[in-house]
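Biologist: Could you give me a close look at how the aromatic rings sit in this model, and at what surrounds them? I'd like one connected tour, please.

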Amino acid sequence: MLDALTVAVAVTALALAAWCGFAAYRDQPTKDWHFIGMAVVSVLALAQLLVGIVQLASGERPDQGMTIFIAYLIGAFAAVPAAGFLSLSERTRWGSVTVAAGAVVLAVLEVRLYDIWGN
């Protein structure tokens, strides 16, 4: 895996979590700007998914198994969009909390992906 991309995804996910957490603290639902932030994080996660697939296709293998690596890649890609869709149904501060939680989950998945790959 590309270490710089893993760090970029984790850092932007934590920034999104802080931003949405602050919105929840101020008793605000997710707004259009939050969805733009979610899109940026999701694009980075998509790039990581594609890089992971290309590396697997080129013959590189993770230390802890290919199946678990692919499962974590897909989960990392889906974490923030799933939280974003849930926040659309909950137009209160809890929608912002949901996105913040999804972003924290993504950051944790990034650390785990780093470990699975063997770095």
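Modeller: Happy to! Let's start with Tyr 25, which is exposed, having a relative accessible area of 66% (exposed is over 50%, buried under 20% and partly exposed in between, using a 1.4 Å probe and protein chains only). Please keep in mind that this is a predicted model, where local features need pLDDT of at least 70 and side-chain atom pairs need 80 or more, while totals for chains, interfaces and linings use all residues. Residues are numbered from 1 along each chain as its sequence is written, and side-chain values use heavy atoms, without hydrogens or water.

Searching the whole structure turns up two aromatic pairs. In one of them, Phe 22 and Tyr 25 are stacked, with 6.3 Å from centre to centre and 25° between the planes (rings of Phe, Tyr and Trp, the last by its six-membered ring, pair when their centres are within 6.5 Å; under 30 degrees is stacked, over 60 edge-to-face, the rest tilted). These two residues are three apart in helix H1, so about one helical turn separates them (helices are DSSP runs of H or I with at least four residues, strands are E runs of at least two, and both are numbered from the N terminus). Phe 22 itself is partly exposed, at 46% relative accessibility.

The pair formed by Phe 69 and Trp 117 is tilted, with 5.0 Å between the centres and 45° between the planes. Here distant parts of the chain are linked: Phe 69 belongs to helix H3 and Trp 117 to helix H4, 48 residues apart. Both Phe 69 and Trp 117 are buried.

Phe 69 also leads us inside. Together with Leu 16, Val 41, Val 80 and Leu 106, Phe 69 touches the most other members of the largest nonpolar core, which has 24 residues (buried Ala, Val, Leu, Ile, Met, Phe, Trp, Tyr and Cys joined through side-chain atoms within 4.5 Å). Helices H1 (3–25), H2 (32–57), H3 (66–89) and H4 (93–117) each give two or more residues to this core. The largest share is that of H4, with nine residues. Take Val 41: beyond residues up to four places away in sequence, Val 41 touches Thr 12, Ala 13, Leu 16, Val 80 and Leu 106 (contact means heavy atoms within 4.5 Å).

Now to the loop between H1 and H2, where Asp 27 lies. Asp 27 forms a salt bridge with Arg 93, their closest N and O atoms being 3.9 Å apart (a side-chain nitrogen of Lys or Arg within 4 Å of a carboxyl oxygen of Asp or Glu). Because Arg 93 is in helix H4, the pair ties together parts 66 residues apart in sequence. One salt bridge is what a search of the whole structure finds. Asp 27 is exposed at 54% relative accessibility, whereas Arg 93 is partly exposed at 31%.

Pro 29 is placed in this loop too, and is partly exposed at 24% relative accessibility. Setting aside neighbours within four places in sequence, Pro 29 is in contact with His 34, Arg 91, Thr 92, Arg 93 and Ser 96. From Pro 29 to Leu 50, 21 residues away in sequence, the C-alpha to C-alpha distance is 32 Å.

One last stop is Ser 87, in helix H3. Ser 87 is buried, at 0% relative accessibility.
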